[in-house]
Amino acid sequence: MQSDRVAGIVCFMLGAGYLAFGLQLTGSVAGLASGMAGPSAYPRALAVLFMLMSLGLIVWPSRYVSALTSWFATIIVLTIGASYVVLLPLFGFLVTSIVAAPLLMAFAGERRPSWLIGGSLSLVFLVYFLFRHVLVVLLPPGSLLG
Amino acid sequence: MPEILDSLLLALTNFASWTTLACLVVGLVIGILIGVIPGLGPLAGISLAIPFTFYLDPVAGMAVLIGIYHGGSYGGALTACLIGVPGTPIAAATMLDGHPMTLAGRGSEAATLSTLASVVGAIIGAVVLIAVSQPLASLALRIGPVEICALSLLGLTAIGSVTEGSVLKGVLAGVAGLAIATIGDDPLTGFGRFDFGISALQGGINLVVVMMGIFGIAEVITMLERGVSGQTIVDRVRPSWAAVRYFATKSGAVLRASGIGIVIGAIPGVGAVTSAYLAYAVAKASSRDPDSFGKGNPDGVIATETANSATVGGAILPMLAIGIPGEPIVAALMAGLMIHGLAPGPLLFATNPDVVSGIYVAVLVGAVLMLPIAFLGLPLFLLALKVPRSLLAAAVFLLCIAGVYALVSSLADLWVMLFFGAVGYLMRRFQFPVSPLILGLVLGPIFEANLRRTVVMGGDHLIGYVAGRPIALVVLGLCLAAITWNVVVALRSGRSAPGALVRETDSRPG
């Protein structure tokens, strides 16, 4: 119940922020779309609805809510993901993936070296082959590797 | 009618050629594989294949593209059922019951049901396409912004039915989806909204990117959190005779879902995702055991897969009849015709009846061929799923990254995907359903654009303007009935907003 109220407060704040930005939208094309048909009326209406629903969640939280147990997996995946996106243009798809894949597998609990090395390498080359040669999609080659 | 039969016979003769048939089979296999891979879908597949079809004759080229459309629409359901990541947005609704079935050790049944439902839905869609294309074309010509707005609203009322647990959270998620859909250029004026000057947001947030984040990356986080390694997701998946027998008893539900899929598919801009959710909502509302939906009820799989596959035939209707694509995938199909110098629309029936009937036959034969290909190729298609969870986590991660990059060729969209991965995970943990958010995202641009067009067209006499549109009034009446029904069901089951009960179960989206 506590976490539902927290979620409600967070949603209310998000709605308020959305409303604040929506109020700043003043653009309209003369005679075409202004007032109720303008670009800001619809987002404003959504923001108000969102805030009302958030208030409802604060006032009437659900009875049983499982609380967030651990941030560990979230932090690991997002850290690996963020590092991946930063390194991708530098080292390219192959090198970045060869590093990222076994890391993810290890954090998922994989301990068998054959799977960590062989499995992840096979996976990376399979994905690369599929996109590069079957679908003919250009994946980033990496600027540092030419 | 005799002319249609003559041209159908001519088209069937053309299909007897190995080249055209082979093109259709290749399209189906590629489509299923693309559908199975998270991040790609029939739209990406068709777009990639169009340059290759330029070297084929128009009917053979369209056979490849329609094969990919059929296969891609179906393939996503396999991953949705078996690993809980919809290969395509179209399959998101199938996951609601398909994946719980797999978790309960009924993966073979879920896969078989989704295959049968896809095939039968696609066949019914094709038959209707062939039989009623011209009469429906005259009806479709009368549909304007008011009607599309009302139909979008009808789709949004499905939020109440696809929500497990607190309806309040479902509505919040749905409104959040509508709000996210407002990011980017205003659909009517082109005025930039909520983009903060960031180029990646200026064109709006790509639905596939959001889906890959919310379903793919969030699933990777969940896999890591569970920390299970060296296990397979599915022990053995093969065609299930029990599922075949069960499916045979559901002819009424199949016809109903097919009807929803065809009608929704024929409405420009609404599409397969909406039809699947709407069919799911109707199946749940008409079930004697609505509480079992979302927990592995096979009727949920049948409804969603039948509807989204029947949408294929329905979606091609407006393209052929009036030259308007019902959804982006059909727009890509149109491009496939136009590279041959053919303009889809009423004139095509007169100038190139062989092409029109060729398309009809491709849709029908493709649907029929999907059954043997899907069943015979099931082990091949699912080979990638029989891997340790740790490897699957890495595979989903890489496929999401590569899939999003292949689709948008933008590193900025990878950040957007990661962001929505975190959002999706938090939604799961705080037991917010994810499906309403996706529904809001899909319908948001359509709803807003047509709502505002209606306001502009109605001017100072908006109510009178809407009241003069009988089709819109009927659809709005259905909306009211759907909302009333949802409220009644919620009150009866004790899951109304005040003090709503939330199941303390898994953290699956839904």
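1. Helix α19 of chain B covers residues 389-408, which makes 20 residues. From first C-alpha to last, helix α19(B) reaches 28 Å, close to the 28 Å expected at 1.5 Å a residue. The helix is mostly covered, with 17 of its 20 residues buried. After α19(B) comes Ser409(B), whose phi is positive, near 50 degrees. The model is a predicted one, and these values should be read as such.

2. Two buried loop residues of chain B can be taken next. Ser166(B) sits in the loop between α8 (159-162) and α9 (167-180). Ser166(B) counts as buried because its relative accessible area is 2%, and buried means under 20%. Phe432(B) is 266 residues away from Ser166(B) along the chain, yet the C-alpha atoms of the two are separated by 8.1 Å.

3. Asn297(B) is also a loop residue, placed between α14 (271-285) and α15 (298-322) of chain B. With a relative accessible area of 9%, Asn297(B) is buried. Which residues is Asn297(B) in contact with, leaving aside its neighbours within four places in sequence? They are Asp97(B), Asp289(B) and Ser292(B).

4. For chain B as a whole, the secondary structure comes to 23 helices and two strands. Of the 510 residues in the chain, 63% are buried. Taking contacts between residues at least 6 apart in sequence, 80% join residues at least 24 apart. Chain B exposes about 17,200 Å², and carbon and sulfur atoms supply 69% of that area.

5. Chain A has four helices and zero strands, so its order from the N terminus is α-α-α-α. Buried residues account for 42% of its 146 residues. Among contacts in chain A with a separation of 6 or more, 66% are between residues 24 or more positions apart. The accessible surface of chain A is about 7,600 Å², with 75% of it belonging to carbon and sulfur atoms.

6. On confidence, chain A averages a pLDDT of 83, and 84% of its residues score at least 70. Which element of chain A has the lowest mean pLDDT, and which the highest? Helix α4 (residues 113-134) is lowest at 88, and helix α2 (residues 41-59) is highest at 92.

7. Helix α2(A) has 19 residues and reaches 27 Å between its first and last C-alpha atoms, close to the 27 Å expected at 1.5 Å a residue. Several of its residues are buried, including Ala41(A), Tyr42(A), Pro43(A), Leu46(A) and Ala47(A). Further along α2(A), the buried residues include Phe50(A), Met51(A), Met53(A), Ser54(A), Gly56(A) and Leu57(A).

8. Chain A also carries a nonpolar surface patch of about 420 Å². Which residues make this nonpolar surface patch? Phe72(A), Val95(A), Val99(A), Leu103(A) and Phe107(A) make it. Phe107(A) belongs to helix α3 (residues 72-107) of chain A. Is Phe107(A) buried, partly exposed or exposed? Phe107(A) is partly exposed, because its relative accessible area is 35%, and partly exposed lies between the 20% limit for buried and the 50% limit for exposed.

Methods. Residues numbered from 1 in each chain as written. Chains lettered and ligands numbered in written order. Predicted model: local features only at pLDDT ≥ 70, side-chain atom pairs only at ≥ 80, totals over all residues. Heavy atoms only, no water. pLDDT = per-residue confidence, 0-100. Patch = residues over 30% accessible without salt bridge, like charges linked within 9 Å, V, L, I, M, F, W, Y side chains within 5 Å. Areas by Shrake-Rupley, 256 points an atom, 1.4 Å probe, with all protein chains shown as cover. Salt bridge = Lys/Arg side-chain N within 4 Å of Asp/Glu carboxyl O. Buried < 20%, exposed > 50% of the residue type's maximum accessible area, 1.4 Å probe, protein only. Expected span 1.5 Å × (residues − 1). Contact = heavy atoms within 4.5 Å.
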